[in-house]
Amino acid sequence: MDTASAGHDPHPAHDRSSPEDDRSPGARPRGDDRFPETIDRSPDTRRSPDDAFRAVLCGDGRRRCPWAPTGPAALEEHDRRWGALPTESSGWFEALSLEIFQAGLARWSIAQRREGLRRALRDFVPEEIARMTEDDVDELLLDPAVIRNRAKIEAVVHNARACRGLGPEDWAEHVGDLRPAAAEPPLTVLEESRRSPEGERLAARLKKVGLVFVGRTTAHRFLLRTGVLPGHLAGCFRAGTGTGGSG
């Protein structure tokens, strides 16, 4: 299932590339009015060195985390999925699996591979992935649409077998006591942490139930992705109660 599992509708920006598009990854598509151009219309002209790391004002009038306007896939990830609490078990498992694949890669690069991974990994339904054989894994390693890393793919298959039968209420119970009573979103990306006490607790908890490839950093980002911890900067329109932000 799509973590549009959080009930979001498809975002108007799609992860498409055109044959003539020879720019570097993340460059804004030319002539695409759907993509919000980043601008600064702030009446306060005073600037500080940290301003480049704060939420940015985009052409549609919304402020977003600085990574959001780097490309259509990142924009959709930011606006529709990042920081959204899953409502189904496949959404929880997808969030965990994406962070496993993200480990060691350039930040937010996994957003461009999400659809390929979703297709290859059977919509991230644990019961379906658990049936995958070694031959299935070998076949995935030939698929350019996925992250062709055997260790990561095998870890996801292993974890799917350990997560069979877990319902959304079980996932919610795993993280329920990790949500801070009051948590302020960071002001800039410089204040974002790679790890957290909550992530360390979750990593140990998941290890006990048999999950692999989920260290402290991966567990922390899983909590950010699912909105358990604040995943958006202060000032971003996605920050705040009910959006995976501060409450």
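Modeller: An axis here is a line fitted to C-alpha atoms, for helices over the stretch in contact, and angles run from 0 to 180 degrees between N-to-C directions. Helices are DSSP runs (H or I, at least four residues), numbered from the N terminus. This is a predicted model, where local features need pLDDT of at least 70 and side-chain atom pairs count only at pLDDT 80 or more, while totals for chains, interfaces and linings use all residues. Residues are numbered from 1 along each chain as its sequence is written, and side-chain values use heavy atoms, leaving out hydrogens and water.

Start with α8 and α9: their axes come within 8 Å and cross at roughly 110 degrees. That makes α8 roughly perpendicular to α9 (65 to 115 degrees counts as that). Contact means heavy atoms within 4.5 Å, and Glu198, Gly199, Glu200, Leu202 and Ala203 of α8 touch Arg216, Ala219, His220, Phe222 and Leu223 of α9.

Both helices also pack against the buried residues of α7, as do α2 and α6. In α7, residues 168-176, those buried ones are Trp171, His174 and Val175 (buried is under 20% relative accessible area, exposed over 50%, with a 1.4 Å probe and protein chains only). Down the axis of α7 they fall within an arc of 85 degrees, so they line one face; the arc uses directions from the helix axis to the C-beta atoms.

Definitions and conventions. Helices (H or I, at least four residues) and strands (E, at least two) are DSSP runs, numbered from the N terminus. Angles under 35 degrees count as roughly parallel, over 145 as roughly antiparallel, 65 to 115 as roughly perpendicular and the rest as oblique.
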